[in-house]
Amino acid sequence: MFETITQNAMTILENPAGSFALLGVFLLTVAGIYFRRVKLTTHTIIYVSLMLALTIVLHQLRLYHFPQGGSITLGAMIPLLMLSYRYGMGVGALAGFIFGMINLLQNPFILHPVQLLFDYPLPYMAMGLAALFPDRIILSTALAFFGRFACHFISGVVFFSSYAPSGMSPLTYSALVNLSMMVPECLICCVILKVLPIKRLLTAMDRASRN
């Protein structure tokens, strides 16, 4: 496992433009958190770490894996959404960036620096959009997944158009492929979030952060 991650890290570093692009996005995210005066307390960092670990575990619980890549999971984005609800867009985006990097280290597929951004960190950073409507779970979840869909859709149109069947436009192909993943994933997250006592969990997170 360690050897695989090391080899994947070397693959990423062999693409200096992609590495600089990732560094640029990371610095912009950190700068956004700094200028918004978001305090990353010890408790906040602990919760981010726990939620990232839970995201990694849930991401392995795949209900369906698509041949062309991507999968439908058992609500893997819920921990990132909860971080966004409680701590805001900056923390949610930072957690999404870190998870995107972990996903990249596990399975790097790099065609272009822009494709690298739109397939790895940016889709998961989009979960931070849920912070815009923290009290409206369904709307905020749908908005976050729309942001994730937009990233994958753009990548599909620009960099994976050759996979489109003969006679089908890249726009239609990318939309169908990504909607087939994002819609079920979004619905699963909405159902689970409706079942879970979200308000109690977020209140508990808030109390712990203040202690």
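Visitor: Which element gives the largest share of the lining of the largest pocket?

Guide: In this predicted model, the largest pocket has a volume of about 890 Å³. Of the 31 residues lining this pocket, those closest to its centre are Q68, G69, G70, D119 and Y120. Elements that give two or more residues to the lining include α3 (42–60), β1 (62–65), α8 and α9. The largest share, 7 residues, comes from α9.

Visitor: How do the residues of the lining of the largest pocket divide into nonpolar, polar and charged?

Guide: The lining of the largest pocket comprises 31 residues. By class, these residues divide into 10 nonpolar, 17 polar and 4 charged.

Visitor: Which element gives the most to the lining of the second largest pocket?

Guide: The second largest pocket has a volume of about 300 Å³. Its lining has 14 residues, of which P134, D135, I137, I198 and K199 are the closest to the centre. Two or more lining residues come from each of α4 (78–87), α8, α9 and α10 (198–210). With 4 residues, the element that gives the most is α10.

Visitor: How many charged residues does the lining of the second largest pocket have?

Guide: The lining of the second largest pocket consists of 14 residues. Its classes are 8 nonpolar, 1 polar and, for the charged residues, 5.

Visitor: Is S169 buried, partly exposed or exposed?

Guide: S169 lies in the loop between α8 (137–159) and α9 (170–195). The relative accessible area of S169 is 32%. Because this value falls between the limits of 20% and 50%, S169 is partly exposed.

Technical notes: Residues are numbered from 1 along each chain as its sequence is written. This is a predicted model: local features need pLDDT of at least 70, side-chain atom pairs count only at pLDDT 80 or more; totals for chains, interfaces and linings use all residues. Side-chain values use heavy atoms; hydrogens and water are left out. Buried means under 20% relative accessible area, exposed over 50%, partly exposed in between (1.4 Å probe, protein chains only). On a 1 Å grid over the protein atoms alone, a cavity is a set of points where a 1.4 Å probe fits but cannot get out, and a pocket is an open set with protein on both sides within 12 Å along at least five of seven lines; lining residues have an atom within 4 Å of a point. Grid points are joined across faces, edges and corners, and a volume is the space filled by probe spheres set on the points. Ala, Val, Leu, Ile, Met, Phe, Trp, Tyr, Cys and Pro count as nonpolar, Asp, Glu, Lys and Arg as charged, and the others, Gly among them, as polar.
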